Amino acid sequence: MAETLDFPADLRAAQQESRQVTAELEALYRELPWSVEPHPGFTAREGDPFPTERPATEGWTPEQQEKVAQLRARQRELATVLITHPYWSTEAVSGDVVGARMALKRLFPPVA
């Protein structure tokens, strides 16, 4: 099916931007401190089955919080476009909406 579908340009663009926004958000999360709010840090108690340790942090800056909020908002907007696009109710999909949605996702490789 993936080879025969001709997705509308706006749907393709939304899928591609969605991948890019998600990659940007994931990269930002990797750079951010572990806690949004300032925190003194902690070490797991002895005998804890999942030993965890976190250093003290000043938390996220207001600019970092705003950037995350903007990217999350854009993700939601794009998800709405992708989910509610009129293309999914056309005959081109031939009743296999799930297969068509997966084909759209496979059009663009994950952003590294």
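This is a predicted model: local features need pLDDT of at least 70, side-chain atom pairs count only at pLDDT 80 or more; totals for chains, interfaces and linings use all residues.
**Notebook: helix packing and salt bridges**

Entry 1: Next I looked up which residues of α3 are buried. In this helix, residues 97-106, they are Gly99, Ala100, Ala103 and Leu104. They sit on the same side of α3, because the arc they cover around the axis is only 140°. What do the buried residues of α3 pack against? I get α1 (9-31) and α2 (62-84) as their partners.

**Entry 2: α1.** I checked the length of this helix. With 23 residues, α1 spans 33 Å from its first C-alpha to its last, close to the 33 Å expected at 1.5 Å a residue.

**Entry 3: salt bridges.** How many salt bridges are there? I count three, taking a Lys or Arg side-chain nitrogen within 4 Å of an Asp or Glu carboxyl oxygen.

I started with Glu17 and Arg74, whose side chains meet in a salt bridge at 2.8 Å, N to O. Glu17 is in helix α1 and Arg74 in helix α2, so this pair ties together parts that are 57 residues apart in sequence.

Next up was Glu24 with Lys67, a salt bridge whose closest N and O atoms are 3.1 Å apart. This pair also links distant parts of the chain, with Glu24 in helix α1 and Lys67 in helix α2, 43 residues apart. For accessibility, I noted Glu24 as partly exposed at 37% relative accessible area, and Lys67 as partly exposed at 32%.

**Entry 4: back to Arg74.** I went back to Arg74 and found a salt bridge with Glu77 as well, the closest N and O atoms being 2.8 Å apart. Both residues lie in helix α2; they are three residues apart, so about one helical turn separates them. Glu77 is partly exposed, at 43% relative accessibility. Which residues do the shared partners join? I get one network made of Glu17, Arg74 and Glu77.

Methods: Residues are numbered from 1 along each chain as its sequence is written. Side-chain values use heavy atoms; hydrogens and water are left out. Buried means under 20% relative accessible area, exposed over 50%, partly exposed in between (1.4 Å probe, protein chains only). Helices (H or I, at least four residues) and strands (E, at least two) are DSSP runs, numbered from the N terminus. The arc is that of the directions from the helix axis to the C-beta atoms. Contact means heavy atoms within 4.5 Å. The expected span of a helix is 1.5 Å times one less than its number of residues.
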